[in-house]
Amino acid sequence: MSTATIDVHEVPTGSRVNYLNAQYGVKSWLLTTDHKRIALLYLASITLMFFVGGFFAVLMRLHLIEPQGALVQPETYNKLFTMHGVIMVFFFLVPSIPATLGNFLVPMMIGARDLAFPKLNLLSWYIYVIGAIFTLYAVISGGVDTGWTFYTPYSSSFSHTSVVPTALGVFITGFSSILTGLNFVVTIHKMRAPGLTWFRLPLFIWAIYATSIIFILGTPVIAITLFLLFLERVLHIGIFDPAIGGDPILFQHLFWFYSHPAVYIMILPGMGVMSELITCFSRKRIFGYSFVAFSSLAIAIISFLVWGHHMFVTGQSIYAGLIFSVLSFMVAIPSAVKVFNWTATLYKGSISYDAPMLYALGFIGLFTMGGLTGLFLASLATDVHLNGTYFIVAHFHYIMVGGAVMAYLGGIHFWWPKITGRLYPDGWARFAALVIFVGFNLTFFPQFMLGYLGMPRRYAVYPSEFQVLNVMSSAGASILGIGYLIPLIYLIWSMRYGPTAGPNPWGAKGLEWTTPSPPPTENFEEIPVVTEEAYDYAHSTVIRG
Amino acid sequence: MAIHHAHPPGFAHQFEDMQQQREAGSLGMWVFLLTEMMFFGGLFATYIVYRALYLPSFEIGSHLLEVRFGALNTAVLIGSSLTMALAIHSAQIGKRGAQVGFLITTMILGAAFLFIKFTFEWRHDYVEHLVPGFGFAIRPEWGAPGAHVPMFFCFYFFMTGLHALHMIIGIGILAVLTVMAHRGRFTPQYYSPLEVSGLYWHFVDIVWIFLFPLLYLIGGRYLRGGH
């Protein structure tokens with residue numbers, strides 16, 4: 001990108017058969033079983049959902065410019081934050097990195113021709129689309145106002161909005177996650193190239209593996225929970241119904257049994273991307289490979305034991321609260337291991353500030369902020385003060401937007417030349433990364449302060465002394481929105497007009513960079529034999545081209 | 001494009017050899033069964049919570065179920081697991097006729113299970129006003145615990161209903177396998193679709209093995225001589 005093109009293997013894109021030009025026509029895309037094409041199908045769908053969800057966020061922030069609300073009725077505001085949450089969590093963040101970059105990269109990184117079950121992979125995309133259609137139908141048919149958490153008995157008995165299609169949409173999409181996770185686990189276990197032992201795998205694969213475990217073990221629980229909610233709402237009797245002795249709080253237990261691990265579904269793949277970016281742009285081996293690898297698994301396992309920290313003030317016993325608090329502190333340990341190891345990798349590295357690296361550095365800062373503020377919420381005493389305020393909103397946006405979305409964009413920018421065979425304008429990409437970083441902090445840092453001062457979340461109005469901070473947050477949201485539109489424009493532009501990328505524009509290690517860009521349908525002409533460890537930049541003869 | 005060598009029937013292009021494909025298929029089904037365990041597990045966990053809260057109500061509910069039908073169905077299902085295993089064995093030793101015969105027997109036993117479940121048990125429950133949401137009637141002789149008896153029947157219908165749904169899907173899979181077996185698609189070298197579908201069928205069977213005592217046999221019905 002910034003250095004001169006000196007790659008001798010380069011062949012003009014048009015003259016070589018690759019996965020993009022092997023077949024043409026809508027049918028060749030809708031019936032494809034090629035993991036790379038399915039990754040692009042997912043990319044298009046989740047980008048659409050991202051901007052739909054983002055649109056609701058923009059409306060919310062516009063509304064909150066005035067203490068009495070500038071835009072919509074309180075009932076509509078309830079629907080806005082619900083639809084924003086449902087779409088962003090279930091239809092963007094959960095599938096984001098696994099379904100796009102994961103689908104594209106898992107077979108390429110492990111030296112396989114495809115995932116183990118290509119048809120199942122295509123099926124999972126269709127399931128995702130059907131779920132998304134149900135949810136978008138719910139938006140059109142009047143929206144939902146339960147919050148993305150669907151707490152009973154409000155969702156089961158009292159809300160007069162489109163709970164059923166939304167819950168069904170989320171239920172259906174869950175199976176798409178399950179099938180994707182299943183496919184990844186089997187592929188990673190059974191289809192690694194000769195010589196590619198577990199401890200030679202790129203750390204992205206470890207992260208995707210840990211994510212898949214959560215997909216497999218967590219998603220079915222939310223599926224059955226939403227199914228029970230659905231039955232209760234349709235039949236007007238069910239196991240959360242207090243009229244026959246049902247316990248609505250049991251719903252919260254089941255919901256968070258999945259939805260807390262789901263937070264790690266969103267962040268673990270981002271951590272995997274981070275390990276790839278940090279090593280490539282500091283030209284160093286990862287510091288403490290096995291610690292980073294096992295911390296992914298540790299996060300996945302501990303994530304199943306911390307759900308109660310969402311319920312400290314929900315009538316859970318104080319002893320349960322104590323244990324959940326301790327376990328929640330424990331999950332900070334493997335997360336911190338990762339941050340320290342990335343930082344140690346940077347130390348004395350030969351760092352270059354390309355666009356993907358800017359996202360990666362942004363991730364380290366923002367994720368650390370999000371993680372440390374999570375400890376405030378894991379402490380029983382401070383949580384009582386902060387629960388249900390904007391402090392929580394800011395905390396999880398620092399993890400999910402500052403963490404997951406930054407890593408997602410960094411990953412998209414890193415592998416874009418591999419996916420499309422084209423380079424994007426580097427200056428614009430760095431500019432967009434900075435705009436997003438500034439816009440993000442301006443949006444969400446004031447919300448920490450608002451929450452600490454006591455402004456509750458999910459209200460359409462607020463006392464006028466909070467207006468300055470709210471206006472700052474809304475201003476940041478507009479900058480953030482523009483920041484997200486810039487990459488959309490230049491990435492689409494680059495698909496047609498960008499300069500040819502060559503097989504390895506970053507001089508990166510990893511099997512995916514040994515193939516032409518874009519790769520051929522079968523990925524590798526000959527299945528490679530791996531003889532070295534991951535990130536062996538010290539002995540690298542690869543030159544940036 | 002890759003050079004394609006002559007491959008045995010049923011070989012998929014993304015694999016390197018037949019053994020890798022077989023192992024992948026088998027692991028895939030085991031992982032799928034893990035998700036199924038968690039899917040049913042959510043229901044079992046809530047069942048345990050409510051049973052601990054409302055044990056007397058659950059005992060009343062359990063005693064209202066027709067245990068002879070449940071027991072008969074348990075036998076039918078275990079029989080079907082046996083014929084499923086025999087179908088796989090027939091494929092391993094290359095007997096096509098026996099394969100088809102055992103697969104059809106398995107389907108018939110599965111259908112018999114559903115027939116007994118729906119036409120005898122569920123119909124009986126409906127007539128007795130034991131279906132929550134469809135005219136459930138709390139009887140005065142149940143006393144105070146009666147208020148929570150509908151909860152037991154919610155679990156009964158959700159759990160057996162979900163299990164029946166899995167049976168219906170299983171019978172559909174068996175129908176496809178029967179056609180494939182009839183066309184001679186399975187050989188002693190290649191029978192993994194049979195093998196992994198067998199795993200699924202046994203899993204559905206095992207779920208019932210847990211459901212039967214949890215729903216039909218609680219409350220010391222036989223130890224204390226019933227009520």
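Let's begin with some ground rules. This is a predicted model, in which local features need pLDDT of at least 70 and side-chain atom pairs count only at pLDDT 80 or more, while totals for chains, interfaces and linings use all residues. Residues are numbered from 1 along each chain as its sequence is written, and chains are lettered from A and ligands numbered from 1 in the order in which they are written.

*Solution.* 
- Step 1: Settle the terms. Helices (H or I, at least four residues) and strands (E, at least two) are DSSP runs numbered from the N terminus. A residue is buried if 20 or more other C-beta atoms lie within 10 Å of its own, exposed if 12 or fewer, and partly exposed in between, with C-beta atoms placed from the backbone.
- Step 2: Apply them. In α7(A), 25 of the 28 residues are buried, so this helix is largely enclosed by the rest of the structure.

**Exercise 1. Check the length of helix α7 of chain A against the 1.5 Å a residue rule.**

*Solution.* 
- Step 1: The expected span of a helix is 1.5 Å times one less than its number of residues.
- Step 2: For the 28 residues of α7(A), residues 163-190, the rule gives 40 Å.
- Step 3: The end C-alpha atoms are 41 Å apart, which agrees with the rule.

**Exercise 2. Describe the overall build of chain A and of chain B.**

*Solution.* 
- Step 1: Count the elements. Chain A has 16 helices and zero strands; chain B has six helices and zero strands.
- Step 2: Look at the dimensions. Along the principal axes, the C-alpha atoms of chain A fill a box of roughly 70 × 45 × 45 Å, and the C-alpha trace of chain B spans about 75 × 35 × 35 Å.
- Step 3: A compact globule of 545 residues would come near 24 Å, and chain A has 23 Å, which agrees.
- Step 4: Turn to burial. In chain A, 55% of the 545 residues count as buried; in chain B, 35% of the 227 residues do.

**Exercise 3. Which elements of chain A supply at least two residues each to the side that touches chain B?**

*Solution.* 
- Step 1: Two residues are in contact if their C-beta atoms, placed from the backbone, lie within 7 Å.
- Step 2: The contact takes 33 residues from chain A and 31 residues from chain B.
- Step 3: On the side of chain A, α7, α8 (203-235) and α9 (248-282) each supply at least two residues. The largest share, nine residues, comes from α8(A).
- Step 4: Sort by class. Ala, Val, Leu, Ile, Met, Phe, Trp, Tyr, Cys and Pro count as nonpolar, Asp, Glu, Lys and Arg as charged, and the others, Gly among them, as polar. The side of chain A then has 23 nonpolar, six polar and four charged residues.

**Exercise 4. Work out how α3(A) packs on α5(A).**

*Solution.* 
- Step 1: Two packed helices are described by the angle between their axes and the distance between the axes. Axes are lines fitted to C-alpha atoms, for helices over the stretch in contact, and angles run from 0 to 180 degrees between N-to-C directions.
- Step 2: For α3 (residues 74-93) and α5 of chain A, the angle is about 170° and the axes are 11 Å apart. That makes α3(A) roughly antiparallel to α5(A), a label for angles over 145 degrees.
- Step 3: Find the meeting residues. M83(A), V86(A), I87(A) and F91(A) in α3(A) meet A132(A), T135(A) and V139(A) in α5(A). They divide into six nonpolar, one polar and no charged.

**Exercise 5. Find the backbone exceptions in chain A, and say where they sit.**

*Solution.* 
- Step 1: Most residues other than glycine have a negative phi, and most peptide bonds are trans.
- Step 2: Look for cis bonds. One joins T152(A) and P153(A), with omega about 0°; P153(A) is in the loop between α5 (118-140) and α6 (154-158). Another runs from S517(A) to P518(A), with omega near -15°, and P518(A) is in the segment after α16 (467-497).
- Step 3: Look for positive phi. H236(A) has phi near 60° and lies in the loop between α8 and α9. With 13 C-beta neighbours inside 10 Å, H236(A) counts as partly exposed.
- Step 4: Y535(A) also has phi near 60° and is found in the segment after α16. Y535(A) is buried, with 25 other C-beta atoms within 10 Å.

How values were computed. Rg over C-alpha atoms; globule rule 2.2 N^0.38 Å. Parallel < 35°, antiparallel > 145°, perpendicular 65-115°, else oblique.
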